[in-house]
Amino acid sequence: MKARNCPQCGATVEMADNTLADRCAFCESPLVDAEAVEAHIDRVAPFDLDRTMASKRLRQFLAGQWLAPEKVRHEVSPEKLNGVLVPFYAWDGVARSRWSARVGIHWYETKTYTVMVNGKPQVRTRRVQHTEWFPLSGGHAADYAGQLVSASKGLPEVEANALEPFDLGRAVPFAPQLVAGWLAERPTVDNEEARRVATQEIARLENSAIGSFLVGDARSDVENQTQLTVSRVEEILLPVWIATYRHGGDVFRLLVNGQTGEVVGNAPRSGAKVGCIVVVVLAMVLGVLGVVLLAGGAGAALGGGRRG
């Protein structure tokens with residue numbers, strides 16, 4: 001923890017070590033650790049969606065989650081949302097890949113066969129597809145700009161990827177007023193770990209790009225070895241609205257992209273609703289089995305009558 005004096009009321013307020021900006025607990029005035037921000041952050045992207053709009057997007061998302069508890073689905077309010085400026089690394093560089101793959105060329109053979117129709121043989125033909133495979137290899141290079149990697153341990157890369165894209169063109173050079181009044185986090189993922197993640201993600205993008213230009217009718221075993229030459233790394237704060245819910249002793253979190261309104265996360269499920277579905281499905285299965293058994297019994301009875 002670190003102590004900061006509120007410029008408005010003069011109170012001494014404790015801020016978490018990984019926090020760059022917050023609000024005074026006594027008067028709600030914005031607090032900014034300007035020195036720490038300037039040491040870590042290059043640019044800041046402002047919120048395009050205000051709290052009310054983000055709440056509306058969240059409500060629309062939860063309306064489609066009909067297995068969620070009704071309390072969660074219908075009690076969404078702007079007050080439940082916290083606006084957080086989350087740190088990301090943005091990588092610019094050139095990826096150079098050596099790749100190998102197998103491409104398949106289709107060819108067709110006409111085969112004849114005989115079938116019996118009304119007791120008479122008839123000769124028919126069918127077209128049979130074959131694939132001949134050939135190895136290919138080569139090189140590929142591409143520029144990548146703004147490849148994002150979460151710099152927050154609180155926002156796993158899987159969730160960060162689901163929140164994307166962010167418009168980095170909206171990000172402007174850091175100034176204290178841009179983070180004032182918002183909760184802003186300092187990077188907690190180190191640069192080397194982020195570089196490893198960025199290289200892996202770019203290698204996957206390279207693999208998709210290589211697969212898209214391969215010749216032939218089919219392709220398989222596309223592999224590549226990618227080297228990333230980094231030209232620039234920026235640390236950027238990006239806007240995310242966060243809502244948390246408690247249900248059944250567990251905490252669930254939903255995220256809203258502060259630019260696009262994209263909602264990410266898993267809503268809690270109502271045990272009562274899931275139980276009702278199980279009961280309905282079991283009833284349907286038992287009903288079908290009952291009809292089958294009744295039909296079988298009726299058939300057996302009719303058969304017995306005929307034999308008599």
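## The buried face of helix H2

The buried residues of H2 are Ala-54, Ser-55, Leu-58 and Leu-62. Buried means under 20% relative accessible area; exposed means over 50%, and partly exposed lies in between (1.4 Å probe, protein chains only). Seen down the axis of H2, these buried residues fall within an arc of 100°, so they line one face of the helix. The arc is taken from the directions that run from the helix axis to the C-beta atoms.

This is a predicted model: local features need pLDDT of at least 70, side-chain atom pairs count only at pLDDT 80 or more, and totals for chains, interfaces and linings use all residues. Residues are numbered from 1 along each chain as its sequence is written, and side-chain values use heavy atoms, with hydrogens and water left out.

## The length and cap of H2

Helix H2 covers residues 51-63, which is 13 residues. Helices (H or I, at least four residues) and strands (E, at least two) are DSSP runs, numbered from the N terminus. From first C-alpha to last, H2 reaches 18 Å, close to the 18 Å expected at 1.5 Å a residue. The expected span is 1.5 Å times one less than the number of residues.

What caps the N-terminal end of H2? Asp-50 does: a side-chain oxygen of Asp-50 lies 3.2 Å from the backbone nitrogen of Thr-52.

## Strands S6, S7 and S9

Strand S6 spans residues 81-117, and strand S7 spans residues 120-150. The two run antiparallel and are joined by 29 bridges. Two strands pair if DSSP finds at least two bridges between them. In this pairing, His-106 stands opposite Thr-131 in S7.

S6 and S7 form a hairpin with 2 residues between them. S6 also pairs with S9, by 2 bridges, and here the strands run parallel. Leu-85 stands opposite Ala-184 in S9.

Glu-185 lies in strand S9, residues 183-185. Glu-185 is buried yet has no salt bridge. A salt bridge is a side-chain nitrogen of Lys or Arg within 4 Å of a carboxyl oxygen of Asp or Glu. Lys and Arg count as positive, Asp and Glu as negative; His and the chain ends are not counted. The nearest side chain of opposite charge is Arg-253, 8.1 Å away.

Which side chain does Glu-185 join in a polar contact? The partner is Ser-152, at 2.9 Å. A polar contact is a pair of N or O atoms within 3.5 Å; within protein, one must be able to donate a hydrogen and the other to accept it, and residues adjacent in sequence count only if both atoms are side-chain atoms.

## Salt bridges across the chain

Side chains of opposite charge can pair when their charged atoms come close. The structure holds 7 salt bridges. One of them joins Glu-234 and Arg-43 at 2.9 Å, N to O. This pair links distant parts of the chain: Glu-234 is in strand S10 (residues 218-247), Arg-43 is in strand S5 (residues 43-44), and they are 191 residues apart. Glu-234 is buried, at 11% relative accessible area. Arg-43 counts as buried too, at 18%.

Another bridge joins Arg-232 and Asp-92, also with 2.9 Å from N to O. Arg-232 sits in S10 and Asp-92 in S6, 140 residues apart. Arg-232 is partly exposed, at 44%, whereas Asp-92 is buried, at 14%. Arg-43, Asp-92, Arg-232 and Glu-234 are linked in a network of salt bridges.

A further bridge joins Glu-159 and Arg-253 at 2.4 Å, N to O. Glu-159 is in helix H4 (residues 157-163) and Arg-253 in strand S11 (residues 250-257), 94 residues apart. Glu-159 counts as buried, at 19%. Arg-253 is partly exposed, at 26%.

Most residues other than glycine have a negative phi, and most peptide bonds are trans. Asn-118 has a positive phi of about 55° although it is not a glycine. Asn-118 is in the loop between S6 and S7. Is Asn-118 buried or exposed? Asn-118 is exposed, with a relative accessible area of 76%.

Asp-221 also has a positive phi, near 55°. Asp-221 is found in strand S10 and counts as partly exposed, at 46% relative accessibility. Elsewhere, a cis peptide bond joins Glu-164 and Pro-165, with omega about 10°. Pro-165 lies in the loop between H4 and strand S8 (172-173).
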